[in-house]
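Colleague: I'd like to learn how to read a model like this one, feature by feature. Could you walk me through it?

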Amino acid sequence: MSRNWKDAPMAEARVVTPGGVDLQCEIRGRGTPLLLIHGWTLDQRVFAPQFADFARRYRTISFDRRGCGKSGGDPDLSRELDDIDALLDATCGDTPVHVLGMSQGGRLALRYAITRPGRLRSMVLQGTALDQFE
């Protein structure tokens, strides 16, 4: 994969504000949406090496989860499914998305898939624990 940002589609920075908390997101590319969900204590920069390549084929959406990176609020897993709803509503409407989740971001993706299966096309998980098997 190429890691040259110069030939990748331009990024659009956006702020989505679910429940009064600003979530910083970046959107790049066209096509079927792909949502990237980072792990605990990280932020969307963890996907920087892959972001440009994904954006050549997908409308790639990355964001800083609540309380992480440049997003506001305190970390709160109980609110993050609603955060994802607001993010997807603002960036791709009701179009089902592919989701890539790493670590705790994968755990969040699993919870999202269980509670909102109609919003997902597919899911890729990396280093993810299941809630009942900790």
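Modeller: Let's start with exposure: buried means under 20% relative accessible area, exposed means over 50%, and partly exposed is in between, with a 1.4 Å probe and protein chains only. Pro96 has a relative accessible area of 27%, so Pro96 is partly exposed. This is a predicted model, where local features need pLDDT of at least 70, side-chain atom pairs count only at pLDDT 80 or more, and totals for chains, interfaces and linings use all residues. Residues are numbered from 1 along each chain as its sequence is written, and side-chain values use heavy atoms, with hydrogens and water left out.

Colleague: Where is Pro96 found, and which residues does Pro96 touch?

Modeller: Helices (H or I, at least four residues) and strands (E, at least two) are DSSP runs numbered from the N terminus, and Pro96 is found in the loop between H2 and S5. Contact means heavy atoms within 4.5 Å. Not counting residues up to four places away in sequence, Pro96 touches Thr32, Pro33, Gly118, Arg119, Leu120 and Arg121. From Pro33, Pro96 is 63 residues apart in sequence and 7.4 Å apart in space, C-alpha to C-alpha.

Colleague: What is the mean pLDDT of the protein chain, and where does pLDDT stay under 50?

Modeller: pLDDT is the predictor's confidence in each residue, from 0 to 100. The protein chain has a mean of 91, with 92% of its residues at 70 or more. Over residues 1-6 pLDDT stays under 50. Where pLDDT is low, the predicted coordinates should not be read in detail.

Colleague: Which strands pair with S2?

Modeller: Two strands pair if DSSP finds at least two bridges between them. S1 (residues 11-16) and S2 (residues 23-28) pair in the antiparallel sense over six bridges, with Val16 opposite Leu23. Gly19, in the hairpin of S1 and S2, takes a positive phi near 60°. S2 also pairs with S4 (residues 59-63), antiparallel over four bridges, and there Glu26 has Ser62 as its bridge partner.

Colleague: Which residues other than glycine have a positive phi?

Modeller: Thr41, with phi near 65°, and Ser103, with phi near 55°. Thr41 sits in the loop between S3 and H1 and counts as exposed at 60% relative accessibility. Ser103 is in the loop between S5 and H3 and is partly exposed, at 33%.

Colleague: Which residues touch the most other members of the largest nonpolar core?

Modeller: In soluble globular proteins, nonpolar side chains tend to be buried together. A nonpolar core is a set of buried Ala, Val, Leu, Ile, Met, Phe, Trp, Tyr and Cys residues joined through side-chain atoms within 4.5 Å. Here the largest has 19 residues, and Leu35, Ile37, Phe63, Ile84, Leu87, Leu88 and Val99 touch the most other members. H2 gives the largest share of this core, five residues. A second, separate core of seven residues includes Leu36, Phe51, Leu100 and Met102.

Colleague: Which elements do the buried residues of H1 pack against?

Modeller: S2, S3, S4 and S5. The buried residues of H1 (residues 48-55) are Phe51, Ala52, Asp53, Phe54 and Ala55.
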